[in-house]
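This report walks through selected features of one protein model. Please look over the sequence and the structure before reading on.

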Amino acid sequence: MIGILVLLPLLGFLVAGIGNRNLGNLAAKAITTGFLFVSCALAWTIFVAQWGGEGAYKVALFTWFSSGSLSVSWALHVDMLVAVMLVVITSVSALVHLYSWGYMAEDPSQPRFFAYLSLFTFAMLMLVTADSIVQLFFGWEGVGLASYLLIGFWYEKPSARAAAIKAFVVNRVGDFGFLLGIFALFLVFGTLDIDAILQGVPAARGTSFDFLGAQVDALTAIAVLLFIGAMGKSAQLGLHTWLPDAMEGPTPVSALIHAATMVTAGVFLVCRMSPLFEAAPLARDLVTYVGAATALFAATVATTQHDIKRVIAYSTCSQLGYMFFAAGVGAYGAAMFHLFTHAFFKALLFLGAGSVIHAMHHEQDMRFYGGLRRHIPLTFAAMTIGTLAITGFFYTAGYYSKDGILFAAFARGTEASLLAFAVGIFSAFLTSFYSWRLVFLTFFGTPRWAGSEHIAHAAHHEGGPGPHAHADPTAGYHPHESPPSMLVPLAVLSLGALLAGLLFHEAFIGSEHPFWQGALAYDAAFQHKTHEVPALVHWAPALAMALGFLIALRQYLLKPGAAAAFVRTVPTLHRFLYRKWYFDELYDRLFVRPALFLGRAFWKGGDQGTIDRFGPDGVSAAVGAGALLARRFQSGQVYFYALVMLFGVAGFMTWLMAGR
């Protein structure tokens, strides 16, 4: 069953990709989407079987390669952790495939798009079912390749090409750390089989190595290196800059990559290696601090963005920070639970945003929306449900999973965890504010789109018109609801956003049911403490959510000019946040410009000025000059040839005399 589940997306990719010129759009879409829904059904079957106590197992396929003492087999590993990821990946991917029928209906390259979607899903399935760290890295790089293809799908646009390259390059930085971690794993454990590594962790405690004259704990170093790889894939602070630019890809790509698959790969890696991280407390603290910093950074930036997809992208970055600091405090079940629920409500928000963009003829600037709830009521309902879930409204999916993380951070009681708790509460307030800001700007107030009688208001909303403003009132919009192929996935995801927490919270983070069956490092006493936090801690997330909602309500609905007035009051702060803390500018000065300078120096001075000048170009020039000189001797006059011969004989005789 697991083999069929994994191979169906690959088969869909091959059929749609190879048949790109031979298959029609309908056939390519039907094959890839049908295969994904079959894989989704198999994933839920495996999940139910694991929940019922089937236990972990692996399906050995073949020996991949052997070199000396290193032997890597290709096998599919299944346990409760993998089953959860299978459900998340295939469910969201199947719905994204279906949604893309409507969203990409006018695109001339639909078979290529659906082939890339299936390739991405296959790579992600290979990642989570990997039995060895090398096989996991194969899937890891596979999703990197597929994301490059999907982000740059509209490669005619320079911005799309630049975004795809940026995502690829930034992830290579993290992957370098991951590779060093893999080398260190083999050095310490003598194997790259994940289960064997985790079983060998107790015996490896205290192992150290010499680095620049200092003794470094081996497990801590390995955990940090693996986490660097996770930072790249999951867009944590420092290696996050690729994620907002990845919005250049089609909206279904954003939902697939940034809601449930690629960006959660880092969280999955940390949880999969949780026994190793438990043996490296310093590395766990690093995970906690970086996760908390990412949650805060991304939430602050999201409050100032105008592009509807970028707001949701920074929201994803912030929510990933929550997952990481949950893992950092040892609440791996809570981290995976938030990954699970986040997949539903974040995919819902991205696809809902795509429905808005579709209705608004590809306009993405929220300053030119307004009043859309009357025109696209079903999309409005779906986006409202997604917003309730991400802000943690009572009994929605986010209420259970986000609160579970915050309670765990408080219950751990360390300096790092308490800081993460405080940052998490403040980030929850910001999440509520920017999420409702998005809803109010998009669906409420007076219409501000081109052709509406209120378009002039857009010029005064938070800093004036954006680069995509439509100043011509005659170019009128006629917002319309999306087709059923787009609305059905929104309805299914809405159910997930409402019910996933209610149905699964006791299993994922309950203190009694042994849901994870050894797939995660589990501390029963700590898990029990997370359910006994003080009343103020229990109510703090709800208070933060309510405060964020009320401020957004006042700034954007009750007093529409208040937001612009606030921006004029603190322009430096707004500019700092709007410019994303100037990370792009900083990296441009520290890395991009020096790299370009060195590249040009080596190109102009080294390659062209030295190697080419004295190498092939110099030799060819010397031959040409010699030929030009020799041609002068070919005068056709006998006396001239005799004179040359005379000089030649004289020179030869001089050489002979000098030799004696």
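Is Asp-365 buried or exposed? Asp-365 is buried, with a relative accessible area of 4%; buried means under 20% relative accessible area, exposed over 50% and partly exposed in between, for a 1.4 Å probe and protein chains only.

The model is predicted, so local features need pLDDT of at least 70 and side-chain atom pairs count only at pLDDT 80 or more, while totals for chains, interfaces and linings use all residues. Residues are numbered from 1 along each chain as its sequence is written, and side-chain values use heavy atoms, with hydrogens and water left out.

**Salt bridges**

The structure holds 15 salt bridges, each defined as a side-chain nitrogen of Lys or Arg within 4 Å of a carboxyl oxygen of Asp or Glu. Three of them are listed here.

| Asp-175 | Lys-233 | 3.9 Å |

Asp-175 lies in helix α6 (residues 158–189) and Lys-233 in helix α9 (residues 218–233), so their bridge ties together parts that are 58 residues apart in sequence. Helices (H or I, at least four residues) and strands (E, at least two) are DSSP runs, numbered from the N terminus. Asp-175 is buried at 3% relative accessible area, and Lys-233 is buried at 0%.

Lys-580 is buried, with a relative accessible area of 18%, whereas Asp-584 is partly exposed at 25%. Salt bridges with shared partners join these two residues, Lys-166, Asp-245 and Arg-310 into one network.

Strand β1 (residues 57–67) pairs with β2 in the antiparallel sense over nine bridges; two strands pair if DSSP finds at least two bridges between them. Opposite Leu-76 in β2 stands Val-59. The hairpin has two residues between its strands, and Gly-68 takes a positive phi near 65° there. Seven of the nine residues of β2 are buried, so this strand is largely enclosed by the rest of the structure.

**Aromatic rings and charges**

A pair of aromatic rings is described by the distance of the centres and the angle of the planes. Rings of Phe, Tyr and Trp (its six-membered ring) pair if their centres lie within 6.5 Å; planes under 30 degrees apart count as stacked, over 60 as edge-to-face and the rest as tilted. A search of the whole structure finds 51 aromatic pairs.

One of them joins Trp-74 and Phe-138 edge-to-face, at 5.1 Å centre to centre and 70° between the planes. This pair links distant parts of the chain, with Trp-74 in strand β2 (residues 70–78) and Phe-138 in helix α5 (residues 133–151), 64 residues apart. Trp-74 is buried at 11% relative accessible area, but Phe-138 is partly exposed at 37%.

Phe-440 and Phe-549 form a tilted pair, 6.2 Å centre to centre with 55° between the planes. Phe-440 belongs to helix α19 and Phe-549 to helix α22, so the pair ties together parts that are 109 residues apart in sequence. Phe-440 counts as buried at 4% relative accessibility, while Phe-549 is partly exposed at 29%. Elsewhere, ring pairs link a cluster whose members include Trp-44, Phe-47, Phe-340 and Trp-516.

Charges also sit over rings, a term that requires NZ of Lys or CZ of Arg within 6 Å of the ring centre and within 35 degrees of the ring normal. The charged end of Arg-412 is over the ring of Phe-526, 3.8 Å from its centre. Arg-172 lies over the face of Phe-168, at 4.3 Å from the ring centre.

Helix α17 (residues 377–391) has 15 residues and reaches 21 Å from its first C-alpha to its last. That is close to the 21 Å expected at 1.5 Å a residue, the expected span being 1.5 Å times one less than the number of residues. Of its 15 residues, 11 are buried, among them Phe-380, Met-383 and Ile-390. The buried residues of α17 pack against helices including α15, α16 (332–359) and α18 (397–412). Gly-392 follows α17 and has a positive phi near 85°.

Thr-316 is found in helix α15 (residues 308–328) and counts as buried at 0% relative accessibility. Leaving aside neighbours within four places in sequence, Thr-316 is in contact (heavy atoms within 4.5 Å) with His-258, Val-263, His-342, Lys-346 and Phe-350.
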